[in-house]
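Open the model in a viewer and keep the selection panel at hand.

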Amino acid sequence: MKAIVYSQNGLPVTDPQSLYQTELPKPQPGEHDLLVKISAISVNPVDTKVRAGSPVTQPRIPGWDAVGTVEAIGESVTLFRPGDKVYYAGSIIRPGSYAEYSLVDERIAAHKPASLSDADAAALPLTSLTAWELLFDRLEVKDGHGDAILIIGAGGGVGSVLTQLASKLTGLRVIGTASRA
């Protein structure tokens with residue numbers, strides 16, 4: 001399969017070896033895995049942070065968010081079938097989504113909303129998870145009635161999702177800052 005990889009951390013994006021295309025074996029699903037034929041991905045700021053991190057010993061596929069069609073399933077998969085359209089944010093301990101195929105544990109994937117294009121759906125997983133976890137896990141917002149939340153960067157990826165979640169799912173008064181109109 002074709003994949004975009006990096007083999008060395010810290011290279012400037014202008015370096016041809018910063019990210020490059022290569023051929024890798026098509027992955028095979030494990031017990032709870034979905035083998036997904038990728039149709040859309042998104043690029044996140046965390047991708048650059050991971051590429052700048054610890055040294056790599058072999059080419060590594062970056063990327064988190066993906067949308068695609070389930071091509072094969074592991075023997076213990078119960079939530080999906082071949083042909084299902086899925087979207088997900090992958091795992092840091094696995095190869096990423098910048099490839100023709102990817103493996104994802106069925107327990108962190110979801111059926112792609114039919115109302116969204118593949119490209120639109122690919123923009124959601126990591127930003128949505130981050131916003132959800134911030135609002136409900138870290139801040140532990142239950143109801144929010146009578147309280148307010150100030151969202152710095154409300155026009156960005158996480159901020160825009162956080163604004164929507166807070167305004168639709170809580171009683172919080174939502175105040176946001178943004179650097180563009």
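In the class counts used on this tour, Ala, Val, Leu, Ile, Met, Phe, Trp, Tyr, Cys and Pro are nonpolar, Asp, Glu, Lys and Arg are charged, and the others, Gly among them, are polar. The model is predicted.

**Second largest pocket.** The pocket's volume is about 250 Å³. Its lining has 11 nonpolar residues, 1 polar and 1 charged. Next, colour strand 5 (85-89), strand 7 (109-111) and helix 3 (125-138); each gives the lining at least two residues.

**Largest pocket.** Move to the largest pocket, which holds about 360 Å³ of space. Of its 19 lining residues, Pro59, Arg60, Ile61, Arg94 and Pro95 are the closest to the centre. By class, the lining splits into 13 nonpolar, 4 polar and 2 charged residues.

**Largest nonpolar core.** Select Ala131, Leu135, Phe136, Val141, Ile149, Ile151, Ala154, Val161, Leu162, Leu165, Ala166 and Leu172: these 12 residues form the largest nonpolar core. The largest share, 4 residues, comes from helix 4.

Which residues does Val161 touch, leaving aside those up to four places away in sequence? Show its contacts: they are Thr127, Ser128 and Ala131.

**Second core.** Finish with a separate core of 11 residues; Ile38, Val77, Val86 and Tyr88 are among them.

Key
Residues are numbered from 1 along each chain as its sequence is written. This is a predicted model: local features need pLDDT of at least 70, side-chain atom pairs count only at pLDDT 80 or more; totals for chains, interfaces and linings use all residues. Side-chain values use heavy atoms; hydrogens and water are left out. On a 1 Å grid over the protein atoms alone, a cavity is a set of points where a 1.4 Å probe fits but cannot get out, and a pocket is an open set with protein on both sides within 12 Å along at least five of seven lines; lining residues have an atom within 4 Å of a point. Grid points are joined across faces, edges and corners, and a volume is the space filled by probe spheres set on the points. A nonpolar core is a set of buried Ala, Val, Leu, Ile, Met, Phe, Trp, Tyr and Cys residues joined through side-chain atoms within 4.5 Å. Buried means under 20% relative accessible area, exposed over 50%, partly exposed in between (1.4 Å probe, protein chains only). Contact means heavy atoms within 4.5 Å.
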